[in-house]
Amino acid sequence: MAELQSEHVLVVAIDFGTTYSGYAFSSGVEFEKDPTKISSNKPWIASQGLVSHKTPTCVLLNPDGTFKNFGYQAEDKYNEIAADDSQDHSQFYFFRRFKMVLHTRAHLNREVTVEDETGKSMKAIDVFAHGIRFLKNHALETINIQGLQIDEMDIHWVITVPAIWSDGAKQFMREAAQKAGVEENNLSIALEPEAASVYCKYLPIHQLGQDASGGCFLPGAKYMVIDLGGGTADITVHKVEGDGSLCEVHGPSGGAWGGTKVDQAFMRFVTEIFGEDVMRDFKKNNMEDAIDLHREFELRKRSVKMDSGETTSMAIKIPVALYELYEDKHGKRLRDDMKNSPKFKSYRDKITCTADKMKINIDLMKTFFKRPLEDLYMQVGQPTKVGQSITSLPLSVRAGQQQARVRIFASKNSCPCFVTDEGCSYLGEILVDVPEMEFDEGGTIEVQMTFGGTELHVEALEKKSKQMYKSRFDFLSGN
Ligand SMILES: Nc1ncnc2c1ncn2[C@@H]1O[C@H](COP(=O)(O)OP(=O)(O)OP(=O)(O)O)[C@@H](O)[C@H]1O
Ligand SMILES: [Mg+2]
């Protein structure tokens, strides 16, 4: 985490979130004057007048796989298609909340697929690329509208990722961005909590909140950054070094305990009440209402105060179609079953159903947050100095050999013997482009791996000529 310098005419950063996405940009000139002077996308507007700072990470593709819409526009368009009898929405691809696949998949490779809302699969890298391309083009349009005459090649792109992501996931995001038209050399991957930390460091004290004292960012100070996103919770401890730069002391640790876990708990609850078959029909035939229910919960969940006893219940708008489907299936209205049926005994005093609402006891609402909050514990890792740790590996190459390949395995054992040992797993491979050798007998290349930056950096040094050669680590090569 070196001190910031502006080497670029314009830096555009894309925050591709699990639930919401957006972008921000800063010109080199503005940055020199004030590093916190950052412009961001204009507020995004959904139908029904919903306005927000970021737009939902939703990708809508045509039946032939070409791009149609992103964000609120994608949600609204998909709703429109679902409501239009002349079109079959199940032919279209609608992806939402797919970012987590990069965190949860144990063996990530380029072939990993994601499922859309109706269960159709597509290669994840293409879905990510569609999303990034949309945000990139949107950012370029915004920049143009602002009258900044900037050549795309003068823009440095940044994509932020959760700190707890594996190197493979970071590489996946990098490759998706390249697929979306971002030049490899014009792209940096930044860690989300690190970006927040650096930003706060430059903020005037009064903007950091009433508890922030001037000592917050003085050399030697340590602080914890907790980034609670939609998909992940990221915990990192940073320390301010003597020269003002930041060093990561602990972490990153965390896990898949983001806000979407709360949504999942709510949807499990709704499924328990209405029944799986009703929910299946509801999602299949009332997509528009299903999306509205998600939006409704998104709004309501924000007013739940875990430590306040002021409110006793919360009313959530329930699509009439859902109540009707229940009645069709069971021959009785849910509100009557809620009062009389033994299956709802435990919910009877906690839920009241009205024509288009469900009044839910606040303690029941709080249980949706319970599990993710419990899971949010601290795991403290080994201190990592940024840019530190270089491991060298000698490699003999024959004359005429064009590429050298080194398979890398990881083990928790400090002295592993064989790659087949228990606890040893395949990480990926290093690919070194071997230069045309001027000598016939081949030579030795020293592969240097630098750990501690945002991404693993690999360089290859040809010992005789002392020349550095391009090399890369491939975490996505599968097993
Ligand atoms: N006031 C609030 N109370 C509870 N949850 C909230 C509140 N505001 C936002 N959220 C939840 O936070 C999540 C969105 O946070 P954020 O935009 O930081 O995540 P993201 O960038 O989409 O995800 P990630 O960074 O994990 O990929 C959503 O799940 C949203 O419902
Ligand atoms: Mg985020």
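1. Let's start with the ligand. Ligand 1 lies between domain 1 (10-212) and domain 2 (260-375), because both domains give residues to the shell around it. Keep in mind that this is a predicted model.

2. Which residues come nearest to ligand 1? Of the 18 residues around it, those are Gly 17, Thr 18, Gly 229, Gly 230 and Gly 259. As for the make-up of the shell around ligand 1, ten of its residues are polar, six are charged and two are nonpolar.

3. On the overall fold: the protein has 25 strands and twelve helices. Its 479 residues include 30% that count as buried.

4. One sheet worth a look is the open one made of three strands, ordered S8-S7-S9 with antiparallel pairing. Strand S8 (67-70) and strand S9 (93-96) are at its edges; each has a single partner strand, so one side of each is left without a neighbour in the sheet. On average, neighbouring strands here are turned by 15 degrees against each other, direction ignored.

5. One pair to click on is Leu 61, whose bridge partner in S9 is Tyr 93.

6. And what lies across S7, S8 and S9? That is helix H4 (residues 124-145), which runs at about 105 degrees to S7.

Notes: Residues numbered from 1 in each chain as written. Chains lettered and ligands numbered in written order. Predicted model: local features only at pLDDT ≥ 70, side-chain atom pairs only at ≥ 80, totals over all residues. Helix = DSSP H or I, 4+ residues; strand = E, 2+ residues; numbered from the N terminus. Buried ≥ 20, exposed ≤ 12 C-beta atoms within 10 Å, placed from the backbone. Near = placed C-beta within 6 Å. Nonpolar A, V, L, I, M, F, W, Y, C, P; charged D, E, K, R; others polar. Domains from an automatic or database assignment. Pairing = 2+ DSSP bridges. Axes fitted to C-alpha atoms, helices over the stretch in contact; angles between N-to-C directions. Contact = placed C-beta atoms within 7 Å.
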